[in-house]
Amino acid sequence: MLPLLAFVLVAVLALAGLISSPLALAVGFVLAGFGMVPKHFNPAQLAKRLLAVSIVLLGFGIHIDTALAVTGDALGLIVTSIVVTLVLALVIGRWLGLETTTAHLIGSGTAICGGSAIAAVGPAVRARSDQMALALAIVFILNSVALLIFPPIGHFLNLDQHTFGLWAAIAIHDTSSVVGAAEAYGDEALLVATTAKLARALWILPVAVVSAWVAARYNKKTGHAKMALPWFIGGFIGAALIASYLPSGDVAYGYLFLLGKRLLVLCLFLIGLSLTLKRIRAAGFKPLLLALILWLVIASGSLVWLGTS
């Protein structure tokens with residue numbers, strides 16, 4: 001009874017918006033460590049289903065015209081940062097001896113938009129729940145650090161509002177941390193960062209499609225070569241199109257987007273419940289090292305790009 005009560009309590013807090021994504025993941029992990037997972041309950045399976053719904057609902061927060069406009073202004077930086085990050089993730093991941101899927105998830109989260117990208121790409125590459133949980137945990141750790149250190153660095157380097165906004169949108173993984181850091185820097189930085197971050201979010205689709213195609217070819221030898229493109233990618237596009245070109249429902253879209261964000265928090269709690277200490281110990285320090293290297297490369301590289309443009 002106690003595990004069930006704990007599960008219901010955290011689920012209610014997540015859906016009410018009273019706990020953050022990193023905290024939800026951590027609470028799930030702690031409860032799992034103390035054996036507080038309800039009996040006859042598969043959190044990973046439920047998380048997989050809810051992730052699909054949450055990704056579709058997050059599409060209602062994308063305004064395609066605005067995102068494409070920003071993408072056009074910073075297209076070179078956005079494309080270069082995504083391609084370089086994904087390639088480096090696979091190269092360095094192989095050098096470190098990491099599983100290819102884990103390295104790709106960390107690279108996707110770093111290249112695009114943190115937890116949302118990992119949630120979308122994971123099913124496309126048939127990632128296990130522990131691989132997704134590990135990638136999410138690492139990305140959220142670095143997000144927390146970025147939220148604290150980016151504004152002071154920006155002030156130290158005397159970055160203007162526009163430059164800082166673009167830098168935050170490119171170099172910080174998750175949208176919530178981008179918004180938090182930019183808000184602390186100034187109103188113009190917040191507007192630029194939010195819009196640019198939405199432009200990066202559009203790249204979830206091509207990265208998920210390419211990931212599914214590559215995974216299918218890679219698994220050809222095992223006899224599982226079918227391309228596993230998740231159905232919710234189409235739902236995400238449809239939601240974005242509706243929100244962009246049927247503005248009469250803006251209020252409803254806002255509520256749907258909010259529900260999507262809160263469902264994602266609940267999913268992270270469920271993923272935490274499926275993560276075990278044994279799997280974390282087996283992964284070791286290497287996944288965090290990979291994420292840290294990628295983060296330093298994209299943060300410093302994008303800053304140099306913006307400084308010379």
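Contact here means heavy atoms within 4.5 Å. All the views below come from a predicted model.

**View 1. Helix 6 packs against helix 8 through a handful of side-by-side residues.** From helix 6, Thr 101, Thr 102, Leu 105 and Ile 106 do the touching, and they meet Gln 131, Met 132, Leu 134, Ala 135 and Ile 138 of helix 8. Helix 6 covers residues 100-111, and its axis comes within 9 Å of the helix 8 axis. The two axes cross at roughly 35 degrees, and the crossing is right-handed.

**View 2. Arg 128 and Glu 99 form a salt bridge.** Look for the closest N and O atoms, which sit 3.2 Å apart. This pair ties together distant parts of the chain, 29 residues apart. Arg 128 sits in the loop between helix 7 (115-124) and helix 8, while Glu 99 belongs to the loop between helix 5 (75-96) and helix 6. Both ends are partly exposed: Arg 128 has a relative accessible area of 39%, and Glu 99 comes in at 40%. The salt bridge count for the model is one.

View 3. Leu 157 is in the loop between helix 8 (129-156) and helix 9 (161-171). With a relative accessible area of 39%, Leu 157 is partly exposed, and so it clears the cut-off of over 30% that patch residues need.

Terms used:
Residues numbered from 1 in each chain as written. Predicted model: local features only at pLDDT ≥ 70, side-chain atom pairs only at ≥ 80, totals over all residues. Heavy atoms only, no water. Helix = DSSP H or I, 4+ residues; strand = E, 2+ residues; numbered from the N terminus. Buried < 20%, exposed > 50% of the residue type's maximum accessible area, 1.4 Å probe, protein only. Axes fitted to C-alpha atoms, helices over the stretch in contact; angles between N-to-C directions. Left-handed = near helix turned anticlockwise from the far one by under 90°. Salt bridge = Lys/Arg side-chain N within 4 Å of Asp/Glu carboxyl O.
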